[in-house]
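Hi,

Here is the structure I said I would pass on.

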Amino acid sequence: MPDITGQVVILTVTDAERSAAWYCDLLGAEETGRYVQPDGRTTLVSITEPHSHMELCLACHGADADAFSEFRAGLDHLEFLVSRRSELDAWASRLDDLGIGHSGVKQPSYTANAMITFRDPDNIQLEFFWRAPIS
């Protein structure tokens, strides 16, 4: 089987610069590239999260778009995995510090896993997720 050497997530957003700043603040990511149209409009900003090295590209196509909804075909949500349950509490505090509304730590009755859900500036659903060890 051919190798996969990493992951890049490309999200369509309404303002690439605004979204890049928001995700950089949230994740401690750094900008790694951008594409600016000849008219000066930024249409793509790439950022990289320093621990997982996940690359996130924020693309602005310039068309008026409906608000994001996980109920349409396409992306449901973007999930960031954490290694320990206690990290969810730390993320909840970080979200509070940044003024980002969130669900608080949730542990549904149907699973031992836990998560925090929240939304980016374009209403894309995001989640910090802890997967409980299998007993």
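Strands β2 (residues 30-36) and β3 (residues 42-48) run antiparallel and are joined by 6 bridges. Helices and strands here are DSSP runs (H or I of at least four residues for helices, E of at least two for strands), numbered from the N terminus, and two strands count as paired if DSSP finds at least two bridges between them. Before you go further: this is a predicted model, so I kept local features to pLDDT of at least 70 and side-chain atom pairs to pLDDT 80 or more, while totals for chains, interfaces and linings use all residues. Residues are numbered from 1 along each chain as its sequence is written, and side-chain values use heavy atoms, with hydrogens and water left out.

Back to that hairpin. There are 5 residues between β2 and β3, and Gly40 has a positive phi near 95 degrees. Tyr35 has Leu44 of β3 as its bridge partner. On to the next strand: β3 also runs antiparallel to β4 (residues 55-59), with 5 bridges joining the two. Ile47 is the residue opposite Leu56 of β4. That hairpin has 6 residues between its strands, and His53 takes a positive phi near 65 degrees. As for cover, 5 of the 7 residues of β3 are buried, where buried means under 20% relative accessible area, exposed over 50%, and partly exposed in between (1.4 Å probe, protein chains only).

Thr42 has a relative accessible area of 10%, so it counts as buried. Its side chain makes polar contacts with the side chain of Glu17 at 2.7 Å and with that of Arg34 at 3.5 Å. (A polar contact is a pair of N or O atoms within 3.5 Å; within protein, one must be able to donate a hydrogen and the other to accept it, and residues adjacent in sequence count only if both atoms are side-chain atoms.) Leaving out neighbours within four places in sequence, Thr42 is in contact (heavy atoms within 4.5 Å) with Ala16, Glu17, Arg34, Tyr35, Val36 and Cys60.

Asp15 caps the N-terminal end, with a side-chain oxygen 3.2 Å from the backbone nitrogen of Glu17. After the helix comes Gly28, with a positive phi near 65 degrees. The buried residues of α1 are Ala16, Ser19, Ala20, Trp22, Tyr23, Cys24, Leu26 and Leu27. As a reminder, an α-helix has 3.6 residues a turn, so residues three or four places apart point the same way.

Now the other sheet region. An open sheet of 3 strands has the order β5-β7-β6, with mixed pairing. β5 (78-82) and β6 are at the edges with a single partner strand each, so one side of each has no neighbour in the sheet. From one strand to the next the twist averages 20 degrees. (Axes are lines fitted to C-alpha atoms, for helices over the stretch in contact, and angles run from 0 to 180 degrees between N-to-C directions.) α1 lies across β5, β6 and β7, at about 15 degrees to β7. Helix α2 (residues 86-98) also packs on this sheet, touching β5, β6 and β7, and its direction makes about 20 degrees with that of β6.

Within the sheet, β6 (residues 114-119) has 5 of its 6 residues buried, so the rest of the structure largely encloses it. β6 runs antiparallel to β7 (residues 125-130), with 6 bridges between them. Phe118 is opposite Leu126 of β7. The two strands form a hairpin with 5 residues between them, and Asn123 in the turn has a positive phi of about 75 degrees.

Finally, the overall numbers. The chain has 2 helices and 7 strands, in the pattern β-α-β-β-β-β-α-β-β along the sequence. Of its 135 residues, 39% are buried. Among contacts with a separation of 6 or more, 48% are between residues 24 or more positions apart. Along the principal axes, the C-alpha atoms fill a box of roughly 55 × 40 × 30 Å.

Cheers
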